[in-house]
Amino acid sequence: MSILNKLKLDKLKKITHREPEIRDFCIQTIRFKKFLENARAMLDLIEDGREKALGEYIFDRHYVVSLIDSVIERLGMMVYDACVLAPQSGVELYAGYDRHKLAAANLISGKSPAGKTGASETVTLTEPEYQLLSDALFWLNGKDRADAETVMAFMKQVFFHVIQGIEPTDAAKNRLLFDTSNVKATDMNFYIIDLWKDALAPPEKKRTARGFNCVPLKHLLMDADCGESKTGTGNSSSDPDWVAAVTEYQLSLNSLKPDLEFRLETLASGDAQSDFIFIFAGKSTNLDSLLPAGFHIEKAHYGQLAWDLDLSAKTIEDSLMNIGRGLFG
Amino acid sequence: MTKSLEILLLDDEPIVGRRLKPALDKIGCQVEIFENPLEAVARIDQKEFDIVVTDIRMEGMDGIQVLEHIQKKWPRTKVIMITGYAKMDLAREAMGKGVFDFIAKPFRPDDLRRIIANAAEALGRPIDAALLSGEPDKG
């Protein structure tokens with residue numbers, strides 16, 4: 001989160017407003033974005049370690065220790081964000097986090113290599129630095145490791161708690177809130193919320209979705225049918241099935257349909273190293289047909305997580321157009 | 001036959017020397033490896049190396065001190081610094097003192113070979129292109 005956005009968020013938290021629910025919705029959305037940023041940084045760390053292990057890199061113990069320390073630091077940030085979004089899960093999440101902190105400390109000290117616990121096999125490498133990295137990667141995402149013990153598995157659990165924590169802000173309550181806040185778009189069956197401005201004061205009159213200066217929303221709606229559609233974007237007389245919270249480069253799109261669990265988060269700033277698309281969908285959604293090639297899809301007992309990172313401006317535009325066509329016909 | 005490029009490699013992490021020596025041998029360099037900076041400096045006092053590759057942060061004597069020592073004793077020698085994370089302050093200092101180039105850990109042997117090739121070129125003793133374009137080192 002940029003310093004400017006941090007200041008804005010702090011300001012939002014302090015404001016006493018006559019429409020606090022919209023503000024709460026915005027703060028929750030921004031916090032979820034922060035949570036995703038930390039999750040993304042975690043994935044980057046894991047990938048960096050994997051790249052160094054598989055390549056011909058020369059590194060020392062300091063690199064591996066820094067990697068482990070960075071993972072624990074980021075994991076702590078994820079857990080903190082998760083506890084803000086799902087306070088009821090705090091005790092359980094911090095207990096899990098403490099277990100991983102201990103595992104990391106044991107890895108570094110070599111007392112009880114966390115990477116080897118429960119392992120069916122690990123290749124013993126002659127160089128201690130390479131062995132430590134191999135053990136660290138096994139702890140992070142070892143394929144043969146008891147699944148619940150890996151950092152990746154813990155991240156999925158954290159996601160589960162967050163999704164569960166956010167969902168109870170149920171559609172009916174949100175609809176009531178949005179209907180009284182002038183955020184229903186006039187051209188599509190969307191509620192549309194300017195994340196920063198509407199949190200300070202609800203709009204005085206209704207707006208069009210297509211008129212918003214939001215790059216990812218424009219991509220998403222590029223080929224979308226404004227009329228009646230299979231997921232309910234058209235028919236303006238019915239209740240909207242989607243809420244889009246936007247800034248110039250960010251979009252958070254949520255389904256309000258009781259039978260469709262779907263959340264899309266994206267940043268389309270033009271900076272390939274930052275831009276991403278993240279999707280959470282219920283188990284019944286066919287993500288394989290909805291998403292273009294290149295997405296990583298993880299299936300869990302509570303739903304599906306999908307993401308594509310490091311996207312060029314062209315790729316993100318094409319992907320969002322594709323997804324928009326799939327969602328809105 | 002031209003004389004091999006003579007390189008002193010100093011890093012207090014033993015793995016660096018162990019991994020780099022074979023990679024540099026492959027391009028026809030004669031490499032001496034040291035983990036202790038004081039022992040390395042003693043060797044430098046005895047012999048003029050073409051290139052010294054040194055870690056920037058070590059116990060007892062850091063890379064900047066090694067660089068200063070070399071510049072007094074053998075001004076022709078090219079010094080390449082290996083840096084780690086969060087050592088940019090030292091790297092900037094070394095830049096001002098005339099270090100030839102930097103390489104940041106983690107790195108690939110090929111990355112260092114390229115820098116050494118540049119240093120050899122600057123010394124007027126280019127490395128045989130056939131050796132440089134050989135199969136990448138597999139570590």
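The legends below describe several close-up views of a predicted model. Residues are numbered from 1 along each chain as its sequence is written, and chains are lettered from A and ligands numbered from 1 in the order in which they are written. In this predicted model, local features need pLDDT of at least 70 and side-chain atom pairs count only at pLDDT 80 or more, while totals for chains, interfaces and linings use all residues.

**View 1. Chain A holds eleven helices and seven strands.** Helices (H or I, at least four residues) and strands (E, at least two) are DSSP runs, numbered from the N terminus. Of the 329 residues in chain A, 42% are buried; a residue is buried if 20 or more other C-beta atoms, placed from the backbone, lie within 10 Å of its own.

**View 2. Seven strands of chain A form an open sheet with mixed pairing, in the order β1-β2-β3-β4-β5-β7-β6.** Its edge strands, β1 (190–194) and β6 (296–300) of chain A, each pair on one side only; two strands pair if DSSP finds at least two bridges between them. The twist from one strand to the next averages 10°.

**View 3. Strand β2 (residues 242–246) of chain A has five of its five residues buried.** In a regular strand the side chains alternate between the two faces of the sheet. On one side of β2(A) lie Trp242(A), Ala244(A) and Val246(A), and on the other Val243(A) and Ala245(A), all of them buried. Strand β2(A) pairs with β1(A) in the parallel sense over five bridges, and Tyr191(A) stands opposite Val243(A). Five bridges also join β2(A) to strand β3 (residues 250–255) of chain A, in the antiparallel sense. Here Val243(A) has Asn254(A) as its bridge partner. A hairpin is formed by β2(A) and β3(A), with three residues between them.

**View 4. Strands β5 (residues 276–281) and β7 (residues 303–309) of chain A pair in the antiparallel sense over six bridges.** Within this pairing, Ile279(A) stands opposite Ala306(A) in β7(A). Helix α6 (residues 151–166) of chain A lies across β5, β6 and β7 of chain A and runs at about 75° to β6(A). Axes are lines fitted to C-alpha atoms, for helices over the stretch in contact, and angles run from 0 to 180 degrees between N-to-C directions.

**View 5. Domain 1 (20–166) and domain 2 (171–328) divide chain A.** The bounds come from an automatic or database domain assignment. Their contact takes 14 residues from domain 1 and 20 residues from domain 2 of chain A; two residues are in contact if their C-beta atoms, placed from the backbone, lie within 7 Å. On the side of domain 1 of chain A that touches domain 2, α2(A) gives the most, with ten residues.

**View 6. The largest nonpolar core has 125 residues.** Such a core is a set of buried Ala, Val, Leu, Ile, Met, Phe, Trp, Tyr and Cys residues joined through C-beta atoms within 7 Å. Ala82(A), Ala136(A), Ile192(A), Ala244(A) and Ile7(B) touch the most other members. At least three residues come from each of domain 1 (20–166) and domain 2 (171–328) of chain A. Leaving aside neighbours within four places in sequence, Ile192(A) is in contact with Val183(A), Ala185(A), Arg207(A), Ala209(A), Phe212(A), Ala244(A) and Val246(A).

Conventions:
A residue is buried if 20 or more other C-beta atoms lie within 10 Å of its own, exposed if 12 or fewer, and partly exposed in between; C-beta atoms are placed from the backbone.
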